[in-house]
Every structure is written in C-alpha cells, then in structure tokens.
Amino acid sequence: MSASSSLHLHVPEPSARPGQTTDFSYLKLSPAGAVAKPPLDVTAAQTAALADQLVRVLDDDGNAVGPWAEDIDDQLLLDAMHAMLKTRAYDARLVIAQRQKKTSFYIQCLGEEAIAIGQTLALRDGDMHFPTYRQQGILIAKGAPLVEMMCQVLSNAADPLKGRQLPIMYSYKEHGFFTISGNLTTQYIQAVGWAMASAIKGDTKIAAAWVGDGATAEGDFHAALTFAHVYRAPVILNVVNNQWAISTFQAIAGGENTTFAARGVGYGIPSLRVDGNDLLAVYAVSRWAAERARSNLGPTLVEWVTYRAGPHSTSDDPSKYRPADDAQRFPLGDPIERLKQHLVKRGLWSEERHEQTRAGYDAEISRALKEAETHGALGSELRPGPAEMFNDVYKDMPEHLRRQRQQLGA
Amino acid sequence: MSQTELPTGTAPMTMIQSLRSAMDVMLARSDDVVVFGQDVGYFGGVFRCTDGLQAKYGKHRVFDAPISETGIAGAAIGMAAYGLRPVAEIQFADYIYPAYDQIASEAARLRYRSRGMFTAPLVFRTPCGGGIYGGQTHSQSPEAIFAHVCGVRTVMPSNPYDAKGLLISSIENDDPVIFLEPKRLYNGPFDGHHDRPVVSWGKHPGNAVPEGYYSVPLDKAAVAREGSQLTIVTYGTTVWVALAAAEEAGIDAEVIDLRSLWPLDYDTVMDSVKKTRRCIVLHEATRTCGFGAELVALVQEHCFYHLEAPVERVTGWDTPYPHAQEWDYFPGPARVIDAMRRVLED
C-alpha cells in the first residue's frame with residue numbers, strides 16, 4: 001500500500017441480506033463447558049480472555065457441562081421453563097392483538113426469553129431491574145398480573161399507567177421493574193445511581209441494568225460503565241446482543257472484530273460473554289454476578305449473545321434487511337428448545353408435558369386478553385379519562401395545569 | 001447595618017455561604033440528602049459552595065463525580081428513584097446540555113409515566129448568567145429550555161436569604177428542581193454598573209441569613225420594590241439592574257423578582273401589572289423564545305384590558321454570549337431606563 005493511496009471509509013455490513021445466507025462465523029463461539037469460572041474477586045484484567053470467549057453450559061445434546069454447570073434446583077429450572085413458555089405465548093397473542101388493531105404497537109422478545117427470566121430467577125425480591133422494552137420476561141417470571149399488563153398494552157380504562165404510556169412501557173415497582181422509557185440507554189446510568197444509593201444506605205439490594213447491542217453506542221452506556229467502575233456500584237450491567245438494532249447489524253454499533261464484553265474490561269469492570277440462549281448459563285452467570293455485587297466486589301458486565309428472532313416491533317419487517325431463515329440458522333438455537341432437551345434428558349420434563357403446558361398458556365393468555373378487553377381496547381369508549389392527562393406531572397397540580405384541565409372541560 | 005445589628009440567629013452570608021448553609025442544614029436534617037458533582041467533594045466546589053461539607057458528613061454523603069453531566073444527572077435520578085434526595089451540581093449551566101436528555105426525558109417524566117410509582121425528588125444546582133467576562137460557555141442563561149419542560153421546576157434566587165430558603169425548599173420538594181444560581185451574585189449584588197466598585201454581600205444590608213433551618217416557598221414571587229408607574233418582571237442578576245434603573249431614572253417602577261420561574265406566581269405578577277398598567281420583562285438570556293416571551297404572553301392574556309402600552313422585553317441579544325462585548329450584550333440599567341421611558345410615553 002503506498003502512502004499516497006486515497007482513504008476509504010469503512011461501513012460495516014452484515015454478511016447476508018435478504019435472499020442470502022448469513023455467515024455466523026463472526027460469532028466467536030466456545031464449546032460448552034470450555035470457559036473457566038473465575039473467583040468472585042476476579043479483576044477486570046483477568047477476565048480479558050473470558051470477554052472474548054463464550055460461557056456455555058448446555059452442550060448440543062442437552063447435557064450440562066463444565067465449571068458453570070452447578071447445582072441448580074430442579075424446581076427453578078421448571079419455573080424458568082414455565083416463564084419462558086408463558087412469555088412466548090403472551091408475545092404471540094399480543095402481536096395478533098396488534099394486527100387486530102386492539103393496540104397500536106407491540107414488541108416481542110422471541111428468542112431472548114432465557115436472558116431476562118434466567119437473571120430474574122437469580123436475583124432477589126427488592127433488587128431493581130432497569131429494563132429496556134424487551135425484558136417482559138422479568139415481569140412474567142415475577143408473576144406480575146397478566147390482565148393488568150395487557151390493560152397497559154391496550155391503554156384501556158384499567159391501564160395502571162392511565163393511558164399515558166406507549167404500549168409495553170410497563171412500570172412495576174413491586175416487581176422490581178423500573179419504569180420503561182422510550183429514550184434508549186437512559187436507564188443504564190440510572191441503574192448505577194440506584195445501586196450507588198443502595199451502597200450509600202448500607203442496604204443489601206442490587207440493581208440490574210439492561211441495554212441492547214445497538215444502544216451501547218449511546219453516551220449513557222459510557223457514563224454508566226464509568227460510574228459503575230468509579231464507585232464500585234453493586235450493579236449487573238447486562239448487554240443483550242441480539243445482533244440487530246432494528247435494521248442495523250451489530251457491527252454498526254461497534255461490534256465488528258470485538259465483543260461488547262471487551263468494553264467492560266476496558267473500563268475496569270470484570271466482564272463475561274455468555275450464551276444467551278442457554279438458561280443454565282444465564283442463571284449461573286447471573287447468580288455469580290449478583291454474588292459479586294452483594295459482596296461489595298462491584299459491578300459485572302455481561303454480554304448475552306442471542307438472536308432477535310422476531311421483527312424489531314410490530315412496525316417492522318425484517319425481510320427487508322436480513323435473510324428470512326436467519327433465526328433458524330443461528331448457531332445458539334432456541335432457548336426453550338434447548339432447555340426442553342436438557343429437562344427431558346434429566347427426566348424432569350417430557351414432550352407431552354411441554355405441549356400441554358404450552359397449550360395451557362395459550363388458553364390462559366387468551367382468557368386474560370378477553371378479560372383485559374372488557375376494560376376496553378385502543379379507540380374504544382372505555383379508556384382513561386382526559387382529566388388523568390394532567391395528574392402526576394408534578395406531585396401537586398400547579399395552577400397552569402388546573403387552568404388547562406378546566407379549559408378542556410375535564 | 002453592621003454585624004452587631006443583625007437579627008438574633010442570623011449571620012452575614014454571601015450567596016455562596018448561604019447555599020452552603022442550605023446544604024449543610026439539609027445534610028444534617030436527613031440522611032437521604034446527598035451532594036455530588038465535579039469537584040464538589042474534597043475541594044469544596046470551584047465556587048466554594050460545598051466547602052467543608054465532605055469533611056463534616058463523609059464521602060458517602062458528599063463526593064466528587066467524573067466529568068460527565070449525563071452521568072451525574074442519570075445517577076442522581078437513579079438515587080432519587082431509590083429514595084434518596086440528591087443535590088447534584090453541574091459546574092456551569094453552559095455545561096448542562098449533555099444532561100438534557102436525562103433531565104427532560106427522564107427526571108421530568110418519571111412521576112408521570114409511572115403514575116407516581118417512581119419519582120425524582122432531586123435538585124440540579126448550576127451556576128448561570130453573565131457579567132463576569134465568562135465568554136460563550138461560562139455566561140449562559142438556559143432557563144427557557146427548562147421552563148419549557150413539563151415536570152421540572154425552575155428556580156433562580158437573587159440574594160443570599162432567598163438562595164438558602166429556596167434551596168432548602170427545592171431539596172424538600174418532591175419534584176425535580178433546576179436550581180439556577182447567578183454566579184455574578186455569588187459574592188455581592190450587581191446592578192450592571194461594571195465601571196463602579198463592586199459591593200460585597202458583607203457590606204450589603206440584605207446579607208442577614210438565618211443560620212438554621214427556614215424555607216422560602218416555591219411558586220411565590222417577591223416584590224423587590226413597590227411602585228406605581230410600571231412593573232418590571234425579572235429574576236436573578238437583573239433584579240438588581242431593575243432596582244438601580246428605577247432609582248437612577250426616578251421612575252416609580254414595581255420590581256417583581258419571580259424567584260420561581262416555572263411554575264410561577266401568577267397572582268403577584270398580574271396584580272402588579274393590573275395596578276401599574278405597564279410592563280417590562282427583563283432577563284439576561286437571549287430574546288427569541290426566551291422565558292420573557294412566555295411572560296409577555298401571560299401578561300397579554302391576563303391583563304390585556306389593563307395595559308396602556310405594549311409590553312417591552314429587555315434581554316440579551318440573539319447571539320452567543322461574547323467576551324469583549326460583554327457590556328454591549330448584558331442588559332444593563334441604561335437599556336432598562338430606555339425601555340421604561342418608551343413604555344411610559346405610550
């Protein structure tokens with residue numbers, strides 16, 4: 001190359017577009033059981049190699065192998081399976097409800113169910129999740145009331161958020177689920193602040209921060225990692241790398257030839273890269289990170305490698321920017337299928353029970369939606385009244401809002 | 001007034017000392033109050049507003065932060081959502097923009113979007129305003145961009161007594177408060193006469209500040225000078241400019257110090273304009289879409305049939321804040337006097 005050659009702007013591209021076949025070799029994979037389990041007081045530098053590998057527990061045959069395969073309670077694994085099936089049924093039904101114009105909008109987490117659910121089961125009541133819009137599994141694993149969640153999606157008269165919020169932007173303090181914002185990554189640094197507060201008060205609670213691969217490019221991601229490291233905040237910094245930010249491949253977010261886990265190491269935060277479709281790995285790593293946080297050992301960053309199997313949202317058509325069969329070809333498979341294989345192998349589950357459970361949730365979700373619809377749906381007369389629009393802007397309604405409410409005749 | 005004549009339980013304080021005293025009082029009153037920001041911990045702040053607080057309350061309560069305004073704001077919101085009452089400092093109002101998303105999209109809306117489940121009882125303190133040869137990025141008055149955000153309160157004191165009382169009220173308030181501190185007034189009042197010696201708060205009659213707890217209510221304006229001929233609605237440094245202008249011109253102006261910019265005190269403003277029938281709005285910030293535009297609109301809506309003349313605006317020009325042309329930019333007494341004469345001629 002001569003010194004006088006002209007410069008060239010590099011714009012990353014996914015390996016395949018519609019009609020082509022994705023080459024998933026860009027994902028650095030490790031065999032199940034191959035990655036070490038470091039001590040709780042590991043340093044960031046000691047995790048540098050781990051941030052480039054992939055913690056996996058379940059092998060291709062559904063066996064739990066390696067140092068991260070730990071004594072996980074049978075009932076917990078069954079609970080996880082139930083929550084994953086329920087979440088998938090919930091998503092599927094609400095996508096249909098959006099097509100039926102009962103709601104304006106919906107976002108599913110198809111293929112990512114193991115991550116939010118596995119971590120939730122590893123945390124305690126009182127810990128606070130700062131989720132994005134794709135961690136509905138947290139609420140379902142926590143047993144949040146389905147009908148009420150649906151009322152929020154339908155923005156109906158029983159909507160707990162009184163019709164103020166776009167569908168799926170839930171808020172459930174009692175379930176440790178922080179109010180969702182449309183502004184990406186803002187919650188990441190807030191989670192760190194919450195964790196700092198817990199430390200300031202000498203509490204025992206920890207925070208879980210959630211962000212997607214695309215949103216790591218926001219400035220708040222950098223601020224969160226800096227603050228978490230500086231103050232050794234008791235927080236788990238989750239990066240859900242589902243390879244896509246709407247139409248944008250994760251390489252455009254800065255994922256080309258590197259990992260998001262590696263970023264954490266650079267900030268001085270012990271970081272792991274984990275198979276996000278392996279419930280056992282999700283649970284084990286989350287438990288480890290939670291224990292670190294609770295032991296005053298500080299934050300942990302975890303990149304969960306998964307695949308956004310569904311459209312970004314009900315307003316999105318992925319066939320315009322990626323191969324239609326991508327999810328089937330993704331090397332880490334489907335989290336429900338993989339856990340099923342493991343549970344069946346251990347005699348804890350069966351095909352029949354699986355089908356029965358799945359069908360049971362389909363029916364339960366349908367019943368719940370029917371009940372939610374009795375309180376109204378998008379565009380129906382049954383909706384939160386206009387006076388609700390003016391409440392909660394401030395703790396007490398100021399004079400200008402009283403005037404405006406009066407002007408509206410509400 | 002000499003120090004011996006100060007009322008019992010008060011001490012002469014500059015605005016810096018009174019703000020520090022407010023934080024000291026509130027840190028002592030509640031374990032939930034924490035103070036943090038760039039250089040506020042060990043060093044005590046670049047303006048000394050937090051001097052000694054870390055030594056007194058410890059590093060868990062008063063601490064230094066990385067240079068990240070969005071980080072400071074976002075962390076404060078997280079702490080507030082947990083249940084603390086953070087008082088976070090942004091070193092200059094000119095540098096609050098990186099935190100704007102956290103303030104406008106998050107702090108302001110936490111209560112609304114969660115239906116009161118999560119709240120942000122926090123204060124962002126930030127030094128604002130010009131008149132100090134601060135140039136473009138140490139002189140700005142960004143109050144209008146916060147007054148436009150529903151869900152936050154915007155407050156600006158003009159003297160040590162109000163500064164402490166309003167800051168205490170802001171810390172106690174359950175809504176997020178943008179607390180703008182005119183740095184030109186930190187050490188003494190300033191009436192725009194840059195060519196005259198500056199008087200420090202130590203020699204000013206308005207420097208007696210109670211040493212203990214007290215509060216000045218939010219949403220309540222103060223009548224800084226009673227008058228009959230016209231009303232000047234203003235806040236911050238230009239309160240002193242308006243007072244000087246009225247005295248020098250011999251015009252009996254009523255000067256309203258808003259103190260709380262938004263939500264504001266309708267009655268005090270409207271009652272005054274209905275009485276004087278003439279109004280000038282005065283602020284340092286740039287003119288177009290400045291907070292003055294809202295004040296003019298409100299006066300026009302509420303006092304239309306009382307007005308004898310168009311409402312005048314005396315503001316900074318629609319330019320970035322210059323360095324060498326400081327006194328051509330800053331709305332000093334001469335410009336206010338011109339405006340008063342025009343308003344009275346009509």
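**Two interfaces in a predicted model**

In this predicted model, the domain assignment divides chain B into domain 1 (11-210) and domain 2 (222-344).

Student: What makes R259(B) and D162(B) a salt bridge?

Tutor: The cut-off is 4 Å between a side-chain nitrogen of Lys or Arg and a carboxyl oxygen of Asp or Glu. The side chains of R259(B) and D162(B) meet at 3.2 Å, N to O, which is within 4 Å, so the pair is called a salt bridge. Between domain 1 of chain B and domain 2 of chain B the count is 2 salt bridges.

Student: Which elements give two or more residues to the side of domain 1 of chain B that touches domain 2 of chain B?

Tutor: They are helix 6 (143-147), strand 6 (153-155) and helix 7 (160-172) of chain B. By class, that side of domain 1 has 14 nonpolar, 15 polar and 6 charged residues.

Student: How do you know that chain A and chain B are in contact?

Tutor: Contact requires heavy atoms within 4.5 Å. By that rule, 43 residues of chain A are in contact with 46 residues of chain B. The area buried between the two chains is about 3900 Å², with 61% from carbon and sulfur atoms.

Student: Why is the pair D174(B) and K395(A) called a salt bridge?

Tutor: Their side chains meet at 2.8 Å, N to O. That is within the 4 Å cut-off, and the pair joins an Asp to a Lys, so the name applies. The count between chain A and chain B is 2 salt bridges.

Note on methods
Residues numbered from 1 in each chain as written. Chains lettered and ligands numbered in written order. Predicted model: local features only at pLDDT ≥ 70, side-chain atom pairs only at ≥ 80, totals over all residues. Heavy atoms only, no water. Domains from an automatic or database assignment. Helix = DSSP H or I, 4+ residues; strand = E, 2+ residues; numbered from the N terminus. Nonpolar A, V, L, I, M, F, W, Y, C, P; charged D, E, K, R; others polar. Buried area = accessible area lost by both parts, 1.4 Å probe.
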